[in-house]
Amino acid sequence: MILQLIKEEDVGEVLEIYTPYVRNTAITFEYEVPSLEKFSERVHHYTEQYPWIVAKDHGMIAGYAYASVYRGREAYQWGCELSVYVRSEFQGIGLGRTLYSALLDLLTLQGYYTVYGVVTLPNEASMALHKQLGFIIEGIQKNSGYKLGEWHDTAILSRSLQDYTTPETFPKSIHELPQGIIDSILAKGTLHLIPNIPDRNIPD
């Protein structure tokens, strides 16, 4: 399994992973699955500034993680929100943590100070993932979203990436980082995990 920045040809498969989260869960508060065109526009918009990482297992995308705007006012620009989605058959092997770890390394180099996670409750797996990576709970927003016939609370979590010194510059775009540094961070996150998928033949 390898980590890469998303490419145009990956967008359709990433949308395929996202679709059941929209249709069947409150993990995302989006009601309707976006069209491929709309989703592609979303990816292009986010990746002008932020990293969007995909994990590929022998060519198939197993999961992805990305950063996006946390809040829009100028003073918030040194923080960003993180998201991660993993195919059901690849859950429970540490892939979410690996994707997030690479994402955190890239965002630190870009000059971000704080990252946020917004988790629909209950979600023990996501809360455990954030705790493992050093996030703290800032608070619980009660009944903050209505989906699938019920109200849902959300937890707001945060993690510092560096000391809160006076910023010398605005955060860099992901495209301003040297490609060699990006490649080394993604290579560090390469996995050698064999998921338990009985109907697939995965070579050694």
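Searching the whole structure, a predicted model, turns up 16 aromatic pairs. One of them brings W78 and F170 together in a tilted arrangement, with 5.8 Å from centre to centre and 35 degrees between the planes. W78 sits in the loop between β3 and β4, while F170 belongs to the loop between β7 and α5 (179-188), so this pair ties together parts that are 92 residues apart in sequence.

Searching the whole structure, a predicted model, turns up 16 aromatic pairs. One of them puts W78 and F170 together in a tilted arrangement, 5.8 Å from centre to centre with 35 degrees between the planes. W78 sits in the loop between β3 and β4, and F170 in the loop between β7 and α5 (179-188), so this pair ties together parts that are 92 residues apart in sequence.

W151 belongs to strand β7 (residues 150-160). With a relative accessibility of 52%, W151 is over the 50% cut-off and therefore counts as exposed.

Next come the strands. β2 (residues 52-57) runs antiparallel to β3, and 6 bridges join the two. Within this pairing, K56 stands opposite I61 of β3. The hairpin that β2 and β3 make has 2 residues between the strands, and H58 there takes a positive phi near 50 degrees. β3 also pairs with strand β4 (residues 79-86), again in the antiparallel sense, over 7 bridges. Here A67 has L82 of β4 as its bridge partner. How enclosed is β3 by the rest of the structure? Largely so, because 8 of the 10 residues in this strand (residues 60-69) are buried.

Charged side chains make contacts of their own. Side chains of opposite charge can pair when their charged atoms come close. In this model, 6 salt bridges are found over the whole structure. E13 and R87 form one, with 3.1 Å between the closest N and O atoms. E13 lies in helix α1 (residues 11-24) and R87 in the loop between β4 and α3 (95-110), so parts that are 74 residues apart in sequence are tied together by the pair. The two partners fall into separate accessibility classes: E13, at 21% relative accessibility, is partly exposed, whereas R87, with a relative accessible area of 11%, is buried.

R42 and E30 form another salt bridge, and their closest N and O atoms are 2.8 Å apart. Since R42 lies in helix α2 (residues 36-46) and E30 in the loop between α1 and α2, this pair ties together parts that are 12 residues apart in sequence. Both count as partly exposed, R42 with a relative accessible area of 23% and E30 with 21%.

K142 and D153 also meet through their side chains, in a salt bridge of 2.9 Å from N to O. K142 is in strand β6 (residues 136-147) and D153 in strand β7, so the parts tied together are 11 residues apart in sequence. K142 is exposed at 58% relative accessibility, while D153 is buried at 17%. Salt bridges with shared partners also join E13, E16 and R87 into one network.

That leaves the interior. In soluble globular proteins, nonpolar side chains tend to be buried together. The largest nonpolar core of this model holds 35 residues, and those with the most contacts inside it are I53, C80, L82, L95, L106, L107 and V115. At least two residues of this core come from each of β2, β3, β4, α3, β5 (114-120), α4 (124-132), β7 and α5. α3 supplies the largest share, 8 residues. Another core lies apart from this one and has 16 residues, including V22, V43, V54 and I61. Two of the residues named here have come up in the strand pairings: L82 is the bridge partner of A67, and I61 stands opposite K56.

Key:
Residues numbered from 1 in each chain as written. Predicted model: local features only at pLDDT ≥ 70, side-chain atom pairs only at ≥ 80, totals over all residues. Heavy atoms only, no water. Helix = DSSP H or I, 4+ residues; strand = E, 2+ residues; numbered from the N terminus. Buried < 20%, exposed > 50% of the residue type's maximum accessible area, 1.4 Å probe, protein only. Pairing = 2+ DSSP bridges. Phe/Tyr/Trp six-rings, centres within 6.5 Å; stacked < 30°, edge-to-face > 60°. Salt bridge = Lys/Arg side-chain N within 4 Å of Asp/Glu carboxyl O. Core = buried A, V, L, I, M, F, W, Y, C linked by side-chain atoms within 4.5 Å.
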